[in-house]
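Open the model in your viewer and keep the selection panel at hand. This tour goes stop by stop, with a selection at each one.

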Amino acid sequence: MRPQIIDRSRDQEFMRLALTLAAEGAAMGEVPVGAVLVQHGQVIGQGFNRPIVDSDPSAHAEMVAIRAAAKSASNYRLPGSTLYVTLEPCSMCAGLIVHSRVARVVYGALEPKAGIVQSQGQFFGQGFLNHRVMVEGGVLAEECGAILSEFFKARRALR
């Protein structure tokens, strides 16, 4: 197996795009999480949380972005791709990341309750998985955490 060359030079650029998408979701009343899937330096899928709008509990930002990319590529596998997501993925999304063969996940803020990459376990390091995913956390973590904090603060103020 050939070692993969990782280009980190555009990580912040793609995370900023994910933050823009998260803000779109927030404007629709969704929890502000955005995701961008990149392959060969090009965005091939993007999305934001939309379970309320779509009446679909699986419509997390990662799911929306990966579905769009797979459809665009006409392939359910996305080798060599990097997923940028503003919040640490949950178990559902981590499973999807493995099955779609995403090579690398870059996330912003930790998700202490349901994050399965670091907070509640290291899912991608499990020996039973048939695909290895590289992970980098904390990219623009403050900005990614702030958009979530502001969203929930505004929601609490409405009560």
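In which helix is Cys 93 found? Select Cys 93: the residue is found in helix 4. Helices (H or I, at least four residues) and strands (E, at least two) are DSSP runs, numbered from the N terminus.

Before moving on, note the ground rules. This is a predicted model, in which local features need pLDDT of at least 70 and side-chain atom pairs count only at pLDDT 80 or more, while totals for chains, interfaces and linings use all residues. Residues are numbered from 1 along each chain as its sequence is written, and side-chain values use heavy atoms, with hydrogens and water left out.

**Stop 1: the annotated site**

Stay on Cys 93. Is Cys 93 buried or exposed? Its relative accessibility is 0%, so Cys 93 counts as buried. Buried means under 20% relative accessible area, exposed over 50%, and partly exposed in between (1.4 Å probe, protein chains only). Show contacts next, with contact meaning heavy atoms within 4.5 Å. Cys 93 touches His 60 and Glu 62, leaving out residues up to four places away in sequence.

The UniProt annotation "binding site", from an unreviewed entry, covers His 60, Cys 90 and Cys 93. They span 34 residues in sequence, yet no two of their C-alpha atoms are more than 9.3 Å apart, so they gather at one spot. UniProt positions are given in the numbering used here, feature names are shortened, and annotations may be inferred rather than shown by experiment.

Centre on Cys 90. Cys 90 sits in the loop between strand 3 and helix 4 (91–99). Cys 90 is buried too, with a relative accessible area of 15%. Beyond residues up to four places away in sequence, Cys 90 touches His 60, Ala 114 and Ile 116.

**Stop 2: helix 4**

Colour the buried residues of helix 4: Cys 93, Ala 94, Gly 95, Ile 97 and Val 98. Their cover includes helix 3 (61–73), strand 3 and strand 4. Step past the helix to Arg 101, whose phi is positive, near 65°.

**Stop 3**

Switch to cartoon view. In what order do the 5 strands of the open sheet stand? The order is 2-1-3-4-5, and the pairing is mixed. Strand 2 (42–48) and strand 5 (134–137) stand at the edges, each with a single partner strand, so one side of each lacks a neighbour in the sheet. Neighbouring strands are turned by 15° against each other on average, direction ignored. Two strands pair if DSSP finds at least two bridges between them.

Strand 1 and strand 2 run antiparallel, joined by 6 bridges. Here Val 38 stands opposite Val 43 in strand 2. The two strands form a hairpin with 2 residues between them. His 40 is exposed, with a relative accessible area of 73%.

Strand 4 (residues 104–109) and strand 5 pair in the parallel sense over 4 bridges. Val 105 stands opposite Val 135 in strand 5.

Select Ala 109 in strand 4. At 8% relative accessibility, Ala 109 counts as buried. Its C-alpha atom is separated by 6.1 Å from that of Glu 88, 21 residues apart along the chain. Contacts of Ala 109, not counting residues up to four places away in sequence, include Thr 86, Leu 87 and Cys 144.

**Stop 4: past strand 5**

Move to Leu 140, in the loop between strand 5 and helix 5. Leu 140 has a positive phi of about 55° although it is not a glycine. Leu 140 is buried, at 9% relative accessibility.

**Stop 5: the annotated domain**

Finish by selecting residues 9–118, which UniProt lists for "domain: CMP/dCMP-type deaminase" in an unreviewed entry. Over this range the chain is 39% helix and 24% strand, and the end C-alpha atoms are 23 Å apart.

Note on methods. Axes fitted to C-alpha atoms, helices over the stretch in contact; angles between N-to-C directions.
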